[in-house]
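User: I have just opened this one and am new to it. Could you walk me through it, beginning with a single residue?

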Amino acid sequence: MKEITRENVLDIINSIQGLNVTLDQCDDNMFEKGLDSIKFIQVIVLFEKKFNCKAPYECLMFDEMNTVNKMTYVFNSLLAKNHDIFNH
């Protein structure tokens, strides 16, 4: 199973128009950096496509995913859960 890195999350975030986040900003609140609800959903959709993974609605909470580090943690948790589901 592939692990998602902060760099992977930054690539996804920075692929969205108007966002430019660097590694030294991984603990910064992304909503203060220009990530709004529409762009947040775009991040989730891009994550799902790139890693062939499905994010359940209960994981789509702004407070739980408002920094790159939190997103990385949640995405890795989701990837592990999806891996377990598809391999049993």
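Analyst: Thr67 is buried, with a relative accessible area of 7%, where buried means under 20% relative accessible area, exposed over 50% and partly exposed in between, using a 1.4 Å probe and protein chains only. Please bear in mind that this is a predicted model, in which local features need pLDDT of at least 70 and side-chain atom pairs count only at pLDDT 80 or more, while totals for chains, interfaces and linings use all residues. Residues are numbered from 1 along each chain as its sequence is written, and side-chain values use heavy atoms, with hydrogens and water left out.

User: Where is Thr67 found, and what does Thr67 touch?

Analyst: Thr67 is in the loop between helix 2 and helix 3; helices here are DSSP runs of H or I with at least four residues, strands are runs of E with at least two, and both are numbered from the N terminus. Not counting residues up to four places away in sequence, Thr67 touches Cys26, Asp27, Asp28, Asn29 and Met30, a contact being heavy atoms within 4.5 Å.

User: Zooming out, how many helices and strands are there?

Analyst: The protein chain has 3 helices and 0 strands, so that from the N terminus on the order of elements is α-α-α. The radius of gyration, taken over C-alpha atoms, is 12 Å, close to the 12 Å that the globule rule gives for 88 residues, so the protein chain is as compact as a globular protein of that length; that rule is 2.2 Å times the number of residues to the power 0.38.

User: And which residues have the most contacts inside the largest nonpolar core?

Analyst: They are Ile13, Val43, Phe47, Val68, Met71, Phe75 and Leu78, in a core of 26 residues. Such a core is a set of buried Ala, Val, Leu, Ile, Met, Phe, Trp, Tyr and Cys residues joined through side-chain atoms within 4.5 Å. Helix 1 (6–14), helix 2 (37–51) and helix 3 (68–86) each supply at least two of its residues, and the largest share, 6 residues, comes from helix 3.

User: What does Phe47 touch?

Analyst: Leaving out residues up to four places away in sequence, Phe47 touches Ile4, Ile12, Asn52, Cys53, Phe75 and Leu78.

User: Asn52 is in that list; is Asn52 buried or exposed?

Analyst: Asn52 is exposed, with a relative accessible area of 69%, and is found in the loop between helix 2 and helix 3. Asn52 also has a positive phi of about 50° although it is not a glycine. Most residues other than glycine have a negative phi.

User: Switching to the loop between helix 1 and helix 2, what about Leu35?

Analyst: Leu35, which lies in that loop, is buried, with a relative accessible area of 3%. Apart from its neighbours within four places in sequence, Leu35 is in contact with Leu19, Met30, Phe40, Val43 and Met71. The C-alpha atoms of Leu35 and Asn66 are separated by 8.8 Å, although these residues are 31 apart along the chain.

User: And Phe31, what is its place and what is it in contact with?

Analyst: Phe31 is also in the loop between helix 1 and helix 2, and is partly exposed, with a relative accessible area of 26%. Setting aside neighbours within four places in sequence, Phe31 is in contact with Asp36, Phe40, Phe62, Met65 and Asn66. The C-alpha atoms of Phe31 and Phe62 are 8.6 Å apart.
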